[in-house]
Amino acid sequence: MTEYRNRRARIIATLGPASSDKATIKALAEAGADVFRLNMSHGAHEDARARHAAIRAVEAELGRPIGILADLQGPKLRIGRFAEGAIDIAPGHRIRLDMDETPGDAGRVCLPHPEIFAAMEPGTELLLDDGRIRLVIEETDKTSALARVVEGRRLSDRKGVNVPNAILPLAAMTPKDLRDLDFALEIGVDWIALSFVQRPEDVRELKAIVQGRAGIIAKIEKPSAVEDIDAILAESDAIMVARGDLGVELPLETVPGIQKRLTAKARAAGKPVVVATQMLESMVSAPVPTRAEVSDVATAVYDGADCVMLSAESAAGAFPLESVATMARIAHQAEQDIVYDELIHARHEATGDSIGEAITTAAGKVAATVRAACIVTFTSSGSTALRTARERPETDILVLTPDLNTARRLAIAWGLSCVVVPDVSNFAEMVQRAGATAAEHGFAEPGDRIVITAGVPFGTPGATNILRVAIVGQPGGPTT
């Protein structure tokens, strides 16, 4: 019997030098990783191909669908190099920015991005080195600019640049991203994450290429994306609250509130939301996290986030296995807390008026009323399962699908335990299959009640129109 999770929140673990071999990947999956992230910013395609193959081999051994996420780097903006490798700049210092690739000095440095110059005007702020250095533009002629240092320190080669209060005329994907995207789709990943989304058109551009071959996650890390979140969410299959750059481009103290608002909006839309960046950062070099990090992970779980994500902790840290296991324990404990259900249902958005939404909304309430052992949902596209998860029911959700790709994609979603089964052709077969699978995988025992949702005609995506209460082990599953 395949062992399924005893928690609803899911975990994404990034793979890297500390977690590349099959044995480590299997250990991470057994410790709690539900989805593995391939960071396309680092490593060669052949490294990613080997990790992908190892994940699929582990999936076959464990008998449980595992999701794979390819995270595109996006348009990373950087300054050029310095003749001596670095300079020291203090508040009040002035430095010229231009597009001359000659190594710079204390008086000037290359900024090889005409898009930034196009958006500049006096008063524009530039943040360098993850916000550690802040410049204000005093003069610009659209090919060079004079900047005054507001906050300064040592500045070295190739540090990143953020322009927080401007929408830059940048393509959503760089040539590198397009190559990485082709590769990711070729090997068959389940999710593509798009970095530095600024506008809904960025997501539409990616969708036009992907053509449904993978789910699309919009990474929210720009102020413009926060402002236009409703339109971006409508175009995306999921969102990620990428708190790293978000905390650079916006005041740090605003990030927790933004995280909560984005989580609530994604939940209301019935789309998965991932909370990411520095969740257990100290575990890169320590076997236990700080108490503040534990609270941070638990807060995301209490808010009802679908996924919490590990980056350097599992990719390059000294304790990748401990990081995943710790995150799993934190999530499980939060969900057992007496206040969890109260907090997760504190805000409940109204559902739409479709039959499918009415059915899946009712499923959780019916399951609680009849004390069902689980909710069993049949789905081909995944939409029925996501609608069920949207309601965050107290009852376990068992998803039956004939499509392995759907099962893998749903590995990112709150509370969904997926089993790949042959498609059903009639109502009686549906009820029998639901009861037998629930019993086989430990979700119910003979004599237990289960709540079943499905759509007729069978195999029609999004056509949820059946709600059935059945008893496990009784042929035909009489309604109770």
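Helices (H or I, at least four residues) and strands (E, at least two) are DSSP runs, numbered from the N terminus. The model is predicted: local features need pLDDT of at least 70, side-chain atom pairs count only at pLDDT 80 or more, and totals for chains, interfaces and linings use all residues. Residues are numbered from 1 along each chain as its sequence is written, and side-chain values use heavy atoms, with hydrogens and water left out.

**View 1. Ala184 in helix α4.**
Ala184 sits in helix α4, residues 175-187. Ala184 is buried, at a relative accessible area of 1%. Buried means under 20% relative accessible area, exposed over 50%, partly exposed in between (1.4 Å probe, protein chains only). Ala184 touches Ala70, Val189 and Ile192, leaving aside residues up to four places away in sequence. Contact here means heavy atoms within 4.5 Å. Ala184 and Leu72 are 112 residues apart along the chain, yet their C-alpha atoms are separated by 9.6 Å.

**View 2. The whole protein chain.**
The protein chain holds 17 helices and 21 strands. Its C-alpha atoms fill a box of roughly 80 × 45 × 45 Å along the principal axes. Of the 480 residues, 54% are buried. Take contacts between residues at least 6 apart in sequence: 66% of them join residues at least 24 apart.

**View 3. The six-stranded sheet.**
Six strands form an open sheet in the order β6-β5-β9-β8-β7-β11, with mixed pairing. β6 (108-110) and β11 (161-162) stand at the edges with a single partner strand each, so one side of each has no neighbour in the sheet. Two strands pair if DSSP finds at least two bridges between them. Strand β8 (residues 133-140) and strand β9 (residues 144-151) run antiparallel, joined by six bridges. Across that pairing, Glu139 has Leu146 in β9 as its bridge partner. Strand β5 (residues 94-98) also runs antiparallel to β9, through five bridges. Here Ile95 has Ala147 in β9 as its bridge partner. β5 and β6 run parallel, with three bridges. Asp98 stands opposite Cys110 in β6.

Strand β18 (residues 396-401) pairs with β19 in the parallel sense over five bridges. Val399 stands opposite Cys418 in β19.

**View 4. Helix α14 and its cover.**
Helix α14 (residues 355-369) has 15 residues. From first C-alpha to last, α14 reaches 21 Å, close to the 21 Å expected at 1.5 Å a residue. The expected span is 1.5 Å times one less than the number of residues. A kink of about 25 degrees in α14 is centred on Ala363. The bend at a residue is the angle between axes fitted to the seven residues ending there and the seven starting there. Buried residues of α14 include Gly356, Ile359, Thr360 and Ala363. Among the elements covering the buried residues of α14 are β17 (374-378), α15 (383-390), β20 (449-455) and β21 (464-471).

**View 5. Positive phi at two arginines.**
Most residues other than glycine have a negative phi. Arg371, in the loop between α14 and β17, has a positive phi near 55 degrees. Arg371 is exposed, with a relative accessible area of 73%. Arg158 has a positive phi near 60 degrees. Arg158 lies in the loop between β10 (154-156) and β11. At 36% relative accessibility, Arg158 counts as partly exposed.

**View 6. Asp228 between two helices.**
Asp228 is in the loop between α6 (223-227) and α7 (229-235). Its relative accessibility is 32%, so Asp228 counts as partly exposed. Asp228 and Gln198 are 30 residues apart in sequence and 8.3 Å apart in space, C-alpha to C-alpha.
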